[in-house]
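User: Please go through this structure with me as a set of questions and answers.

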Amino acid sequence: MDARRTVDAVWRVHSARLVAALTRLVHDVGLAEDFAQDAYLAALEQWPREGIPDEPAGWLLTTARRRAIDMIRRERVRDEKYALLAIDEEAGTGTDSELLSLVFVACHPVLSQESRAALTLRLVGGLSTEEIARAFLVPPATIGQRISRAKRTLAAAEVPFAVPDPDDLPARLDAVLEVVYLIFTEGHSATSGDRWIRRDLAERAMRLGRMLAALMPAEPEVNGLVALMELQASRFAARVGRDGQPVLLEDQDRARWDRTLIAHGLGALARARALRKPLGPYTVQAAIAACHARAPRFADTDWNAILALYDALTQLAPSPVVRLNRVVAVLQVDGPQAALDAIDELRDDPRLSRYHLFGAIRGDLLLRLGRHAEAADELERAAGQAPTRQERTLLMERAAAATR
Amino acid sequence: MKVMVMIKVVGTDEERVVGNAEMLEPMDEYNDKLTKAGILLDAAGLRPSAEAKQVVFEGGTTSVVDGPFTEAKEIVAGYWIWEVGTVEEALEWARQCPVDPTVGRGRLEIRPYFDEADVQALRD
């Protein structure tokens, strides 16, 4: 077996808790990660030669801890830290609360959102700078700078290594969930470039979400987000046609939806609801996705329920995209003219004027109302705004078909 | 990637493995670890093969065989479905599975799922 792949896998599996345990010891997430990385490099050197240790996670922790002690002795850093290291010789490889603290530090509001995403993937996901760069389609140097700047910012702001107090928790948790969902949507919709789905990244986000749900079982929105991601991801295989072109929900082969993800996602949604707290925006969006997941055929979709959920979502998290999606539900419940009236109310929203789905939906409504020339114009404009080649092609084809 | 991880036991060991009360607690702890790692999608233990039946297709005929299958070299006693980054990651998790030292030989088999690209290739 390839030793390098084994070391990488062991690292992936244990690094988050390892970095979390080290951070509690040295009170600096950047320093902790450096020691963890040292241990990883030592493993790369030793394991192929000497074999994989029986307790690889323990080996990594012991090695990293030894490096930390060496440095502290060498640089004669404050005595209290050294005392702490000595006491903690028996500590395990990262408790649940240490792991959770690590997530909250990586997603701390002193950092920009893109730094939070990169740092979370690095510290919690165990990804290398190169892997993160590939995921976000930016040069590795950019990610490297982003991560080292983020570590410096955290150190300068003296961000405490802890789970936030109950008073701060809601806002801080929002920030964490935002980062997880950002990572998911980056994989799910591929905002740039031609790759329609970058499944790996979406899977990583789902693992992060499930981890958080297990660590914070009393927070409904964590389960709501897990449900939302899993129900959306259950349609990955059906979302893309033979030549990589997107397939609309209506036309998807539902036999290709992932039943395991649907079952797990519906379970997560049920757990979120069972907490009997007011539903948050992720849970409501998950409930909408669940209406689709439960319908054996497109014609079986409970559009009345979906429209009611969109009305709720418009109150909870009013955004132009939510209002645009609501239009699709209006179409199914009240017909194309009502939907056109609803979408025209959004026309003046500058946030939608360059969003290709606005034109795509409006063009479709005009088509249903028999207004072919206007539909073609609208679809062509939308094609010009589409972020991926596949979507552009699809919209151009629909524009051409409108006047045929 | 999704993998199915099957617990396989030798037929003669089945009684000691299936429904072993002493293994419940370490298994709960292990499942808890998998859950907190965010990889666990599904898990189930299977009732003993004494309650199992096999449908056998052979030479155009179909017959039914009743359990137990004590002669079998491998009986599936349970399974998990995990979502992991690589097969090697699944191996690292499988390695941590608690074992009953009184059982002669058990194994976990890790089987990656066909992904959509594989299925697409089969359809073409």
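**Helix packing, interface and backbone**

User: At what angle do the axes of helix α11 (residues 220–233) of chain A and helix α13 (residues 259–274) of chain A cross?
Analyst: This is a predicted model, in which local features need pLDDT of at least 70, side-chain atom pairs count only at pLDDT 80 or more, and totals for chains, interfaces and linings use all residues. Residues are numbered from 1 along each chain as its sequence is written, with chains lettered from A and ligands numbered from 1 in the order in which they are written. Helices (H or I, at least four residues) and strands (E, at least two) are DSSP runs, numbered from the N terminus. The axes, lines fitted to C-alpha atoms over the stretch in contact, with angles from 0 to 180 degrees between N-to-C directions, come within 8 Å for α11(A) and α13(A) and cross at roughly 160°.

User: Are α11(A) and α13(A) roughly parallel or roughly antiparallel?
Analyst: Angles under 35 degrees count as roughly parallel, over 145 as roughly antiparallel, 65 to 115 as roughly perpendicular and the rest as oblique. The axes cross at roughly 160°. Therefore α11(A) and α13(A) are roughly antiparallel.

User: Which element supplies the largest share of the side of chain B that touches chain A?
Analyst: Residues are in contact if their C-beta atoms, placed from the backbone, lie within 7 Å, and the contact takes 18 residues from chain B and 20 residues from chain A. On chain B, α2 (24–36), β2 (40–45), β5 (75–83) and α3 (87–95) each supply at least two residues. The largest share, 5 residues, comes from α3(B).

User: Is Glu158(A) buried or exposed?
Analyst: Glu158(A) lies in the loop between α8 (140–156) and α9 (169–189) of chain A, and has a positive phi of about 50° although it is not a glycine. With 8 C-beta neighbours inside 10 Å, Glu158(A) counts as exposed.

Terms used:
Two residues are in contact if their C-beta atoms, placed from the backbone, lie within 7 Å. A residue is buried if 20 or more other C-beta atoms lie within 10 Å of its own, exposed if 12 or fewer, and partly exposed in between; C-beta atoms are placed from the backbone.
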